[in-house]
Amino acid sequence: MSTQKTARQQAGTVEENPVRIDVEKAEQIVDALNRDLASTYVLYHQVRKHHWNVEGAESGDLHDFLDQAAATLEDHADAIAERAQALGGVPVAGPAAQEEHAYVEFEGEDVYGIRDSLEADLEAYGDVIENVREHVGLATDLGDYATAELLREVLEDLEDDAHDIDHYLETDTLVQG
């Protein structure tokens, strides 16, 4: 429970915004952004967990890749949250709210082999990619071209990292079993 006396704005609300997107349109966009934000953070925590726990012959390369991928996800989460706020919304911030809003599920605390971990990451990336792509269309349809552009940039990085994960999962490797 917060020790604050008065909330400046209630979570889940959208107010008039300085970028002149109609409040009804902004509500739809902020809802989509909050789902993207929550899902990005869930994926971030999963990728970061895999970064901490990677082992094996290719652990150095994977450790570095997963570190970069997690940093990219964190940067995108920040940009998405700031856009939601600019549209008059309240970005989802707490772990419980993020879990509630996310369209991907965290795999849990157990540690899995790196191939299984990367397969889980690739599946989660795919879910985020599909939803972000849909939200690019939503923002465009509602006339919010800045949000659409932001999400296109996020989408491009998500697709690049998913492509890299797919390459790590290939069977062609110099490591012998």
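Let's begin where helix α1 starts: there, a side-chain oxygen of D22 comes to within 3.2 Å of the backbone nitrogen of E24. Keep in mind as you look around that this is a predicted model.

E24 itself belongs to helix α1, which covers residues 23-53. Follow that helix along and you will pass 31 residues, with 44 Å between its first C-alpha and its last. That span is close to the 45 Å expected at 1.5 Å a residue.

Now return to D22 and E24 and look at the surface. Both take part in a patch of negative charge there, together with E15, E16 and E27.

Helix α1 also holds K49, a residue that ties it to another part of the chain. K49 makes a salt bridge with E107, and their closest N and O atoms lie 2.7 Å apart. E107 sits in the loop between α3 (95-101) and α4 (114-141), so defined by DSSP runs. The two partners are 58 residues apart, and the pair links distant parts of the chain. In total, the model has six salt bridges, counting a side-chain nitrogen of Lys or Arg within 4 Å of a carboxyl oxygen of Asp or Glu.

Finally, step back to the whole protein chain. Its secondary structure consists of five helices and zero strands, giving the pattern α-α-α-α-α along the sequence. The C-alpha atoms fill a box of roughly 60 × 40 × 20 Å, taken along the principal axes.

Definitions and conventions:
Residues numbered from 1 in each chain as written. Predicted model: local features only at pLDDT ≥ 70, side-chain atom pairs only at ≥ 80, totals over all residues. Heavy atoms only, no water. Patch = residues over 30% accessible without salt bridge, like charges linked within 9 Å, V, L, I, M, F, W, Y side chains within 5 Å. Areas by Shrake-Rupley, 256 points an atom, 1.4 Å probe, with all protein chains shown as cover. Lys, Arg positive; Asp, Glu negative; His and termini not counted. Charge placed at Lys NZ, Arg CZ, Asp CG, Glu CD. Helix = DSSP H or I, 4+ residues; strand = E, 2+ residues; numbered from the N terminus. Expected span 1.5 Å × (residues − 1). Polar contact = N/O pair within 3.5 Å; in protein donor to acceptor, adjacent residues only side chain to side chain.
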